[in-house]
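Me: I would like to learn how to read the contacts between two chains in a model. Could we go through one case step by step?

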There are 2 protein chains.
Amino acid sequence: MSDEMIIERDNRVPDDLPPLRDENDNISSSFLEALGAAIESGNQERARALTEDLHESDVGAILEALEPDQRPALIQLLGDAFDFTALTELDEALRVEILEELPSETVAEGVRELDSDDAVYILEDLDKADQDEILAQIPSVERLALKRSLDYPEDSAGRRMQTEFIAVPPFWTVGQTIDYMREAEDLPEEFHEVFVIDPGYHLLGTVSLNRLLRTKRPIKIADLVSEAHHLIRATEDQEEAARTFQRYNLISAAVVDESDRLVGLLTIDDIVDVIQEEADEDIKRLGGVGDEEVSDKVWYIAKSRFPWLFINLITAVMASFVIGLFEHQLQKMVALAVLMPIVASQGGNAGTQTMTVAVRAIAMRELGPHNVLRVIGRELVVGMFNGFVFAAIVGAMAVYRFGIFDLGFVIAAAMVINLIAAALGGILIPLALNRLKIDPAVASSSFVTTITDLVGFFSFLGFAALWFGLT
Amino acid sequence: MSDEMIIERDNRVPDDLPPLRDENDNISSSFLEALGAAIESGNQERARALTEDLHESDVGAILEALEPDQRPALIQLLGDAFDFTALTELDEALRVEILEELPSETVAEGVRELDSDDAVYILEDLDKADQDEILAQIPSVERLALKRSLDYPEDSAGRRMQTEFIAVPPFWTVGQTIDYMREAEDLPEEFHEVFVIDPGYHLLGTVSLNRLLRTKRPIKIADLVSEAHHLIRATEDQEEAARTFQRYNLISAAVVDESDRLVGLLTIDDIVDVIQEEADEDIKRLGGVGDEEVSDKVWYIAKSRFPWLFINLITAVMASFVIGLFEHQLQKMVALAVLMPIVASQGGNAGTQTMTVAVRAIAMRELGPHNVLRVIGRELVVGMFNGFVFAAIVGAMAVYRFGIFDLGFVIAAAMVINLIAAALGGILIPLALNRLKIDPAVASSSFVTTITDLVGFFSFLGFAALWFGLT
């Protein structure tokens, strides 16, 4: 034993092994070349030497960095030295692509070695026929457990749970439990608590490992058990489960079925992925894109972005229609055409600010009856304040640019109106959508910019028409 | 022992205790009324009865839902029945407000009871003078540990780490270790691994609790130890640490100082908060807002949003300047003024789509040398594809609306150009900012919409001027 032990694996450069990662933390090109050559020449020993002892997420990163046809080739070359867990680290599109290239026996064998949650994660993206073909080659006990998880709805806790866990009756002693754990063969690799159940598999409570460790052998489990406050239902949405984990800082939680029987275990590492996915989804929806991934194909991306652009087009055409109402005035005073996008743009930006905060607060459950009126009032005041400040700036600029004093007042008034509209739209639209059970992240952007475009153009051009008597 | 044990605490309605939460999962108004009355009348017993056994995050939610002056009043009324951990569940603004209202002895006493990471989390937001006043009232051993954490930079792993952990020498046996854990008094409440150290406090490796539990007492710790692959440096950014946790699915990790000595422990529950915060930050920056929270005051919000709006104003003025170049043409053909926002708006939207995906991929480290060219190429093709589709739609609409056949070609050509500009800007700007070590989430939006506005207006009005010979 020496300090050597703590040297990170990534930095190894023994013999002729190239470094795994370059200075930017990407898989190094020398590593990819060496591995590519091994795949090309079918050199199994070399391929295994290059990838052995690597963490599954590093293997995942390697697969991503390889050429498409090298990926299944590497997996077949490595044979049973390939840990299928690495596939859970990939984007869905890549994973499906690789799995479809592999013979179903290879997949079935690989999946069998996994914890049930990882196995389900890999199987759930495949179409029904491929799933069945693979499941048919897995022994019945494991197959039934996987099938049960797959029967739960997509994105439910039942899909994410692991069906390997330790459950003991309350009348066992600490010593019995420890002995059982020492002898049992197929225990999960990592666990943090022991479940206590009755003969009908109903959960009575849990005992944490450190509690178990710190208690003398003859003590009964029943004396150590603590209530399982935070049960997760297998049918519950994973987002709901993630919220429970976050709220109560859980590391793991029991999953129960409709009749309150213990069916699985959710752990924080799965939940971290869920939290990341949900945040990702919110960001993408606010930016007007669907659930695309970096590795998706051109056609898929173009198709999935089209509807959002189409909705934006409708908004833009509506704004253009409002402008069209003032064709006559624009012709008489072309300065209006030059200035009008400023009012609309500032409104759109201010509305997006308010909306972003509102959408996020709703997602995090931070907006409730106790503060919603205060927040609406605050946004209104902020909108008015910034409205007046920008009205003054833009008004002065308009006067300077066009030498028409009254034009300053017209654009200033329109700016105040539009920033107030932006504030109200930015907060009320997400709240209304949420009330209607529509995800505010999806639809708020278009609605808010529609409002600020219409109000911006209409108020500016309308005021101008009235003020200057342009008819 | 019975099934009663698993009834959730939240649902309790014994005696005269009102339900904690209403059907929307908010703190119920009847609960707030009852607690408010207890605070008003100084009824300590009643206040304690209402809040006892509640999870800290529920107590945090209650504090948030109370009136501002009731918050410190409740904490003082509860006395030592109040767990300061609840304050870690609040927004920073609220936490600071409450702490400033409380006498420093109360805070010092409350903070002493906490795990070091929670204590630091509460202290770090206070100004130096308040910090010192509180630290002065904490016994020296604890004070030194807290001070050492506070000396690490903001948002570093050292600030988030917990300084309570279990470390044993390699020559101890499993039995000795277990006995030590059974007898030690001030162990952390939750832990998942035991650290193995040399006499100089250098980390030799770790032993997981389940490994310890499943091994016979006479075995030496040295035989069980596994390398601590993933060390976290105390000075490292918390975001960096979070990435290590996510990449390697860690539950906890050792934190070491500059001389590789073990100084603390980071656990996944702290990391979950970091992941959430970072995602939050990305969302807010993309939406053009700073690090504001729902509970922030009007003035703070107005001030923090102003710079983003000001930058947008510059963008809008530049666009307006471009339009001004074509004043003459607009006067001759007012249809141009009516149609021009459509080209700019579609470009802005398409650019935002590409940028959102790019910013997110950069944040998640999914864009590297192996795929960046492919992704740029893909965005270009998607931009061209959607450009042609929308060119056809908008061209047809323009012809229908104004009866000028050539106007359809002009707007169609401008649309294609602008959607290509949007695609390139949307991907190249975030990449360039990242290369310049500027967070792409902060600045990309303004740059991208500047490009799409300028290109949109210039190409449409310019083509029109050329085509129709408007000079």
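Me: How many salt bridges are there between chain A and chain B?

Reply: This is a predicted model, and in it 6 salt bridges run between chain A and chain B. Over all chains, the same rule gives a count of 46.

Me: Which residue of chain B forms a salt bridge with A:D280?

Reply: The partner of A:D280 is B:R360, with the closest N and O atoms 2.5 Å apart. This pair crosses between chains: A:D280 sits in helix α14 (residues 268–286) of chain A, and B:R360 in helix α17 (residues 335–363) of chain B. There is also a salt bridge between A:R360 and B:D280, where the closest N and O atoms are 2.5 Å apart.

Me: Which helix of chain A gives the largest share of the side that touches chain B?

Reply: Helix α17 (residues 335–363) of chain A does, with 17 residues. By residue class, the side of chain A that touches chain B divides into 68 nonpolar, 30 polar and 36 charged residues.

Me: How is the size of an interface often given?

Reply: It is often stated as the accessible area that is lost when the parts come together. Here, about 11900 Å² is buried between chain A and chain B, and carbon and sulfur atoms give 61% of that area. In chain A, the residues that lose the most area to chain B are A:L213, A:R214 and A:V294, together 7% of what that side buries. As a residue count, 134 residues of chain A are in contact with 134 residues of chain B.

Me: How are two copies of a chain related in general?

Reply: By a rotation about an axis and a shift along it.

Me: Why can one say that the copies meet through the same surface?

Reply: Because 100% of the interface residues of chain A are also interface residues in chain B.

Me: What domains is chain A divided into?

Reply: Chain A is divided into domain 1 (3–155), domain 2 (167–268) and domain 3 (298–467). Between domain 2 and domain 3 of chain A, the C-alpha centres are 52 Å apart.

How values were computed. Residues numbered from 1 in each chain as written. Chains lettered and ligands numbered in written order. Predicted model: local features only at pLDDT ≥ 70, side-chain atom pairs only at ≥ 80, totals over all residues. Heavy atoms only, no water. Contact = heavy atoms within 4.5 Å. Buried area = accessible area lost by both parts, 1.4 Å probe. Salt bridge = Lys/Arg side-chain N within 4 Å of Asp/Glu carboxyl O. Helix = DSSP H or I, 4+ residues; strand = E, 2+ residues; numbered from the N terminus. Nonpolar A, V, L, I, M, F, W, Y, C, P; charged D, E, K, R; others polar. Domains from an automatic or database assignment.
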